[in-house]
Amino acid sequence: MSTLTVLHFPDPRLRKKARPVAAVDAQVRQLSRDMLETMYAENGIGLAATQVNVQQRVVVMDLSEEKNEPVTLVNPEIMQETGTEEMEEGCLSVPGFTDLVQRAEKISYRYLDLDGQEIEAEADGLRAVCIQHEIDHLDGKLFIDYLSPIKRQRVRKKIAKQNKIRAL
Ligand code: NI
């Protein structure tokens, strides 16, 4: 296993659209292991392959307190959305910044697991928010895209400053 480098906004590679996975094979399982290790190392609850510069539709998550319930979603798709909910979101690609984002409250979704089995499930609360946030990444979208242009400009400045400090 190895940890991968997480891209930070405004890296243009975060805007690439990921391709569907044709077959859940050893490469995908290795990617999933590396992504989980990276996510745990960075104290995240979700990570999309796009964030580690891999354009494949793969997402990992772990919403448990003990960080012992890893989930991998291959080719995740939302089938139905109901209601709206506003939650405070953050992102490993937008470090040090959180804000309220409005999303669907409840979703039904499907994905392939690491055995290539198709799973259909429903989610609400944090899990529903996380799945929507990660699928957005696969489509080249970030949570700050939902904020006003003024707020987004503020994030851009703050991160530019952070990057400068990191480069010293
Ligand atoms: Ni994110």
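Are histidine 133 and histidine 137 buried or exposed? Both are buried, where buried means under 20% relative accessible area, exposed over 50%, and partly exposed in between (1.4 Å probe, protein chains only). Please keep in mind that this is a predicted model, where local features need pLDDT of at least 70, side-chain atom pairs count only at pLDDT 80 or more, and totals for chains, interfaces and linings use all residues. Residues are numbered from 1 along each chain as its sequence is written, and side-chain values use heavy atoms, with hydrogens and water left out.

**Nickel site**

- Cys91 (SG), His133 (NE2) and His137 (NE2) are the protein donors of the nickel ion, 2.1 to 2.3 Å from it.
- Donors here are N, O and S atoms within 2.8 Å of the metal (3.2 Å for Na, K and Ca); water is not among the atoms, so sites may look incomplete.
- Along the chain, the donors of the nickel ion are spaced as C-x41-H-x3-H.
- Histidine 133 and histidine 137 are about one helical turn apart because they sit four residues from each other in helix H2 (residues 125–138).

**Strands**

- Helices (H or I, at least four residues) and strands (E, at least two) are DSSP runs, numbered from the N terminus, and two strands pair if DSSP finds at least two bridges between them.
- Strand S3 (residues 71–89) pairs with strand S4 (residues 99–112) in the antiparallel sense over 12 bridges, and glutamate 86 stands opposite glutamine 102 in S4.
- S4 also runs antiparallel to strand S5 (residues 118–124), joined by seven bridges; arginine 110 has glutamate 120 in S5 as its bridge partner.
- Five residues lie between the strands in the hairpin of S4 and S5, where glycine 116 takes a positive phi near 80°.

**Largest pocket**

- The largest pocket holds about 270 Å³ of space.
- Its lining has 17 residues, and Ile45, Glu89, Gly90, Cys91 and His133 are the closest to its centre.
- A pocket is an open set of points on a 1 Å grid over the protein atoms alone, where a 1.4 Å probe fits, with protein on both sides within 12 Å along at least five of seven lines; lining residues have an atom within 4 Å of a point.
- Grid points are joined across faces, edges and corners, and a volume is the space filled by probe spheres set on the points.
- H2 gives the most to the lining of the largest pocket, with six residues.

**Second largest pocket**

- The second largest pocket has a volume of about 200 Å³.
- Among its 13 lining residues, Ile78, Glu81, Gln132, Ile135 and Asp136 lie nearest its centre.
- S3 supplies the largest share of this lining, five residues.
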